[in-house]
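Open the model in your viewer and keep the selection panel at hand. We will go stop by stop.

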Amino acid sequence: MRYGVNLAFTENDEMQNKYGRMMVSCKTYIEECVKLCWLMQIQTPPVCIDLKTAKSQAFPKDTYREFTSKGKHIAFVVWPALFLHDSGPLLVKGVAQGK
């Protein structure tokens, strides 16, 4: 996986010259995100990311906390909730904007 991230960051010399230092920081962040996602998926059973919570549905306070405004419905999901496995216990609440 590291090869793919390296390739994406070395192909564009113009961007490398203009944003070199920032690109190094982004590359490190992206590598760590990919590593974390991979580790979550190789668990038995894999960690489950809540992708079912949708815009305009009732705000599920048991699995989400409010971002900057409260509301009875979800305006958008900032960060999805994580479950130990599909239909399993909640690992960490997600964050959503209320409306």
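The tour covers a sheet and then the salt bridges of this predicted model.

Stop 1: Select residues 48–49, 82–83 and 90–92. Strand β1 spans 48–49 and β5 spans 90–92; β4 takes residues 82–83. Together the three strands form an open sheet in the order β1-β4-β5. The pairing is antiparallel. Which strands sit at the edges? They are β1 and β5, and each pairs on one side only.

**Stop 2: between β4 and β5.** Zoom in on this pair. Two bridges link β4 and β5, in the antiparallel sense. Now pick L82. Its bridge partner in β5 is V92.

**Stop 3: helix α2.** Move to residues 13–41, which make up helix α2. Show the side chains of E32 and K35. Both residues belong to this helix, three residues apart, or about one turn. Their side chains form a salt bridge, at 3.6 Å from N to O. Side chains of opposite charge can pair when their charged atoms come close.

E32 has 43% relative accessibility, so E32 counts as partly exposed. K35 has a relative accessible area of 46%, so K35 is partly exposed too.

**Stop 4: K61 and E66.** Select both and show their side chains. They meet in a salt bridge, with N to O at 3.0 Å. How many salt bridges does a search of the whole structure find? It finds two.

Conventions: Residues numbered from 1 in each chain as written. Predicted model: local features only at pLDDT ≥ 70, side-chain atom pairs only at ≥ 80, totals over all residues. Heavy atoms only, no water. Pairing = 2+ DSSP bridges. Helix = DSSP H or I, 4+ residues; strand = E, 2+ residues; numbered from the N terminus. Salt bridge = Lys/Arg side-chain N within 4 Å of Asp/Glu carboxyl O. Buried < 20%, exposed > 50% of the residue type's maximum accessible area, 1.4 Å probe, protein only.
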